[in-house]
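Colleague: I am new to this structure and would like to go through it step by step. Please start with the domains.

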Amino acid sequence: MKLLNCKEATSLASQGLDRRLGLGERILLRLHLAVCDGCSRVTRQFAFLRKAVRQLGKDGR
Amino acid sequence: MKDFRAQVEEQRPYLLRYASLQLRDPAAAEDAVQETLVAALAGEKSFGGRSNLRTWLTGILKHKLIDAIRKSGRETQIESDEALEALFNESGHWKTFPPEWRSPDQSLEQKQFFAALEMCLEGLPEKTARVFLMREHMGLETDEICKDLGVTPTHVWVLLYRARMALRKCLEMNWFDVGRKPGRL
């Protein structure tokens, strides 16, 4: 298995919000995030974006 | 108790805001809301007070918006995204490491944050914004978006990825401004 670079890892992290990743994909992503702070932050920021956008338009936001 | 028409009419500003997020054309948003209100008034019996009125109206509006999106045409081209490519070097690693955001959850309490978010959404290419909002604001699944826009799942995932990357960059620069100079890790 080829390890992911940051571009592939963030793309997979994004897809993880939209479909169920395969086992191989999940392993590769976890391996990458375990050693890459940048991609871990971006993954958290994607989740935050989801939370924020869901609140958009509610209670005058 | 207020009559049904007045209660429905009260929801108009909320619905219009919802529709305007999805459709960039204000006239089309207006139309979708108008159709929703007409359908709601005609369908008062089917509402029957059994659920939250806003939720019920939003459900009708979603269908109207999807109709409007379908009508506005289907295209399948994916153009390249230079802003995204510019973040990575040839081996696909960050040129500049993405910084941590300071207390993002506190931002959710601030009205100005949502103004910044909306500004960033407006900066996205139209189709990218549309797919992103169908997914994250309307909460549609990939296959529903594919059906409505006539595109492949892979295409949808590419556009969602681009939207997320562009939005996080935009918020970083315009909201979370972490005070680092470009290029520093």
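Modeller: The domain assignment, which is automatic or taken from a database, divides chain B into domain 1 (4-71) and domain 2 (82-174). This is a predicted model, in which local features need pLDDT of at least 70, side-chain atom pairs count only at pLDDT 80 or more, and totals for chains, interfaces and linings use all residues. Residues are numbered from 1 along each chain as its sequence is written, while chains are lettered from A and ligands numbered from 1 in the order in which they are written.

Colleague: How many helices and strands does chain B have?

Modeller: Helices (H or I, at least four residues) and strands (E, at least two) are DSSP runs, numbered from the N terminus. Read along the sequence, chain B gives the pattern α-α-α-α-α-α-α-α-α-α-α. The count for chain B is eleven helices and zero strands.

Colleague: Which element gives the largest share of the side of domain 1 of chain B that touches domain 2 of chain B?

Modeller: The C-alpha centres of the two domains of chain B lie 26 Å apart. Seven residues of domain 1 of chain B are in contact (C-beta atoms, placed from the backbone, within 7 Å) with six residues of domain 2 of chain B. On the domain 1 side, the elements that give two or more residues are α2 (12-22) and α5 (53-71) of chain B. The largest share of that side, four residues, comes from α5(B).

Colleague: Which element gives the most to the side of chain A that touches chain B?

Modeller: The contact between the chains takes 25 residues from chain A and 29 residues from chain B. On the chain A side, α1 (6-15) and α3 (37-55) of chain A are the elements that give two or more residues. With twelve residues, the one that gives the most is α3(A).

Colleague: What percentage of chain B counts as buried?

Modeller: Chain B has 185 residues, and its C-alpha trace spans about 60 × 40 × 25 Å along its principal axes. The share of its residues that count as buried is 28%.

Terms used
Contact = placed C-beta atoms within 7 Å. Buried ≥ 20, exposed ≤ 12 C-beta atoms within 10 Å, placed from the backbone.
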